[in-house]
Amino acid sequence: MIIRDFRLSDIDDVLAIEYEAFPDPYPVDILLKLHESGAGFAVVELGNHVVGYIIFWIRDGIGHIIAIAVNSNYRNMHVGSLLLEKTLKVFFSNGINKIGLEVRKSNTSAINFYLKHGFEKTREEENYYGDGEGAIIMHYTKSENN
C-alpha cells in the first residue's frame, strides 16, 4: 500500500468510494473544489487502484478532518488508520495540536474508529445533515503523551 497525494486521475476511484461510503456523498465538483482550494487530500493506492482517501485542512490554527473513506473490500485492513495517522503527523508537523471532525450519530463504526485513535466526543449537533440526522462533534488534542 502506498499513501500519496491525490491526483486528478484518481477522481473516479474516489467518487466510487465516496458514493459507497456515505448516504450524502460529496458530488465531484465539491471534491475538486476542495482539492483546488489547497485542502490536504491523500489516497491509499493498492496495485493501480485507490482504495481509500482522506481530505483535511487547517483553518485558524485547528486541523479538520473533512472526509475519510475506504472501499468496503479493504475495510478492517488498517487503510483508514494509515490515512489518519499520516494526517495527524501532517497536522503535528505544522504545529497543529487540535483536530476536529463531525460524524453521523448513527455511524457507530466511524465513532468507534475515532475513539480508538484518541478522539473524544465533545458535543452533539441536532439536524446537522441535510436529512435531519444529528452529528457527534469529536476532537483530538495532542498531549505530551501522544
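Visitor: In which loop is the place of asparagine 76?
Guide: First, this is a predicted model, so local features need pLDDT of at least 70 and side-chain atom pairs count only at pLDDT 80 or more, while totals for chains, interfaces and linings use all residues. Residues are numbered from 1 along each chain as its sequence is written, and side-chain values use heavy atoms, with hydrogens and water left out. Elements are DSSP runs numbered from the N terminus: helices are H or I with at least four residues, strands are E with at least two. By that count, asparagine 76 sits in the loop between β4 and α3.

Visitor: What is the phi of asparagine 76, roughly?
Guide: Most residues other than glycine have a negative phi. Asparagine 76 isn't a glycine, yet its phi is positive, at about 65°.

Visitor: Is asparagine 76 buried or exposed?
Guide: The scale is relative accessible area: buried is under 20%, exposed over 50%, partly exposed in between, using a 1.4 Å probe and protein chains only. Asparagine 76 comes out at 78%, which means exposed.

Visitor: And histidine 78, is that buried or exposed?
Guide: Histidine 78 is also in the loop between β4 and α3. Here too phi is positive without a glycine, at about 70°. Its relative accessible area is 54%, so histidine 78 counts as exposed.

Visitor: How far apart are the end C-alpha atoms of α3?
Guide: The expected span of a helix is 1.5 Å times one less than its number of residues. For the 15 residues of α3 that gives 21 Å, and it agrees with the distance between the end C-alpha atoms, 21 Å.

Visitor: With which threonine does the side chain of histidine 139 make a polar contact?
Guide: Histidine 139 lies in strand β7. A polar contact is a pair of N or O atoms within 3.5 Å; within protein, one must be able to donate a hydrogen and the other to accept it, and residues adjacent in sequence count only if both atoms are side-chain atoms. At 3.0 Å, the side-chain partner of histidine 139 is threonine 122.

Visitor: What radius of gyration does the protein have?
Guide: Its elements come to 4 helices and 7 strands, and the C-alpha atoms fill a box of roughly 35 × 35 × 30 Å along the principal axes. The radius is taken over C-alpha atoms, and the globule rule is 2.2 Å times the number of residues to the power 0.38. A compact globule of 146 residues would be near 15 Å, and that agrees with the protein's own value, 15 Å.
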